[in-house]
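Look at the sequence and the model below before reading on. The text that follows goes through the strands and how they pair.

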Amino acid sequence: MAIAKQFLKSKPVCKVTFSLSSDVVADAKDVAVLGEFNDWATEAATKLKKQKDGSYKATLELEAGKEYAFRYLIDGTTWTNDEAADKYIPSGVSYEENSVIVL
């Protein structure tokens, strides 16, 4: 798991690359990232693309100066956090936590 941040000089935006390694996703067919940036809506989820090494990646442009809670959804049934998140907060839905990225 990894998160890469690239702040743009031309506008107050950060390109955030979310990635999950092949050992985390195993034989997954569908990997998505959901969070405050897409209102946690599965129909608006950002799909991660499978890479040649079996990992999954996606890049989003998010407004700088904010914090966003998020989680990964694997095959529509399994939620997982990112070990590289900046912090974690209670989900408010269950006893689990959400990952948070601070921009």
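The paragraphs below take up a sheet, and then a strand with two partners. The model is predicted.

Strand 2 covers residues 13–20 and strand 6 covers residues 56–63. The two run antiparallel and are joined by 8 bridges. To find one of these places in the model, look for Val-16, whose bridge partner in strand 6 is Leu-60.

Now turn to strand 3, which spans residues 31–35. Which strands does strand 3 pair with? One is strand 7, residues 67–74, paired with strand 3 in the antiparallel sense over 5 bridges. Here Leu-34 has Arg-71 of strand 7 as its bridge partner. Another is strand 4, residues 46–47, also paired with strand 3 in the antiparallel sense, over 2 bridges. On that side, Ala-32 has Lys-47 of strand 4 as its bridge partner.

Strand 3 is also mostly covered, with 5 of its 5 residues buried. Buried here means under 20% relative accessible area. In a regular strand, side chains alternate between the two faces of the sheet. In strand 3, Val-31, Val-33 and Gly-35 point one way, while Ala-32 and Leu-34 point the other way. The residues of both groups are buried.

Conventions
Residues are numbered from 1 along each chain as its sequence is written. This is a predicted model: local features need pLDDT of at least 70, side-chain atom pairs count only at pLDDT 80 or more; totals for chains, interfaces and linings use all residues. Side-chain values use heavy atoms; hydrogens and water are left out. Two strands pair if DSSP finds at least two bridges between them. Helices (H or I, at least four residues) and strands (E, at least two) are DSSP runs, numbered from the N terminus. Buried means under 20% relative accessible area, exposed over 50%, partly exposed in between (1.4 Å probe, protein chains only).
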